[in-house]
Amino acid sequence: MDSILITGASTGLGREMALFLAERGFAVYATMRDASDAGSLLNDPRSSKGKLKVLPLDVTDTISIQRAVETIVAEAGGIYGVINNAGIGLRGYFEDLDSQDIRKMFDANLFGVMEVTRAVLPHMRPAKRGRILLISSVGGRIGSLGVSTYCSSKFALEGFGESLFMELAPLGIRVSLIEPGIIKTERWTINRGVAPRATDPRSPYYAWFMQSEREAEKLVQASTATPADVAAVVHQALTAETPKLRYMIGRKAKLAVALRRWLPGDLFERIYFGTVMRRATRAPGSPGVG
Ligand SMILES: NC(=O)c1ccc[n+]([C@@H]2O[C@H](COP(=O)([O-])OP(=O)(O)OC[C@H]3O[C@@H](n4cnc5c(N)ncnc54)[C@H](OP(=O)(O)O)[C@@H]3O)[C@@H](O)[C@H]2O)c1
């Protein structure tokens, strides 16, 4: 039975991937910062159909990464796949974001991914097989306002994944970037990550940010893609003989990226970015709007 390490499995996409893959016969090691939260995952009826274990792992803590990897290798005899899913958001116009919070986000979204990948590679190389999945985002392909540093962490992840793909393919280890659009998870509620200064009416960006949040919320409510859709794509990337470098999930995300690819010159920036900017700046009370 192939073993899979998933980071950030306490909620959202990571939790769904853990259940989805366990149901399909993988030995799933669902890791989370606080493993005392494991109960709701382990008690889920879907977890009993396969083999699912919970281990503590904080992607910003190298020792916890090493411990989890050692445990999996000792128990399962190796690691077939790693799903770098853990990540945090940070919302607000750039000037309203705190440098410490930005670093914290990069520690989880980028450097944490690198540390987990560094820890599993010595076990995948001798096996001459393995799958490394990076949960990126449509925000790793197209920037947006109010999420500049989140997008920059995911753009960085895209560069890492694309380069690693070339380094590791000759060794039989395949790298895939999974790029969801908006999916309803705790990311949009308790883990939204709104910067305190962004919601302070004294911020020069307050009206624009609040308007962009309302627009984002409309997109969240209208989104039809589900965590199970992401888990199904992850399953595909783990089981396809030759997995793709990139998998995108969500109709709107696919459309936006296709437009960027096919529109000539700077037409995409003028049409798409122009629309996003107009929607945010039409807020009552915005500078220039009255
Ligand atoms: N939902 C979307 O619309 C969407 C779209 C595109 C991409 N994504 C990406 O998908 C991934 C999962 O997001 P989600 O939607 O499932 O959000 P979520 O429910 O907020 O899940 C994020 C998970 O990451 C964990 N985490 C945060 N920092 C960590 C750390 N230092 N070490 C270990 N785990 C940590 C959280 O654990 P705690 O419970 O301990 O906080 C949580 O389990 C993220 O990388 C996100 O950027 C999501």
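Good morning. Helix H4 (residues 99–127) and helix H5 (residues 148–168) have axes that come within 9 Å of each other and cross at roughly 15 degrees. Axes here are lines fitted to C-alpha atoms, for helices over the stretch in contact, with angles from 0 to 180 degrees between N-to-C directions. This is a predicted model, in which local features need pLDDT of at least 70 and side-chain atom pairs pLDDT 80 or more, while totals for chains, interfaces and linings use all residues. Residues are numbered from 1 along each chain as its sequence is written, and side-chain values use heavy atoms, without hydrogens and water.

H4 and H5 are therefore roughly parallel, the term for angles under 35 degrees. From H4, the residues in contact (heavy atoms within 4.5 Å) include Ile102, Phe106 and Leu110; from H5, they include Tyr150, Leu157 and Phe160. By class, the contact of H4 with H5 has 13 nonpolar residues, five polar and one charged.

I turn now to the second largest pocket, with a volume of about 220 Å³. Which element gives the most to the lining of this pocket? Helix H8 does, with four residues. Strand S7 (246–249) and helix H8 (251–262) each supply at least two lining residues. Among the residues lining the second largest pocket are Arg141, Glu179, Lys244 and Arg261. The lining of this pocket divides into five nonpolar residues, no polar and six charged. Thank you.

Note on methods. Angles under 35 degrees count as roughly parallel, over 145 as roughly antiparallel, 65 to 115 as roughly perpendicular and the rest as oblique. Ala, Val, Leu, Ile, Met, Phe, Trp, Tyr, Cys and Pro count as nonpolar, Asp, Glu, Lys and Arg as charged, and the others, Gly among them, as polar. On a 1 Å grid over the protein atoms alone, a cavity is a set of points where a 1.4 Å probe fits but cannot get out, and a pocket is an open set with protein on both sides within 12 Å along at least five of seven lines; lining residues have an atom within 4 Å of a point. Grid points are joined across faces, edges and corners, and a volume is the space filled by probe spheres set on the points.
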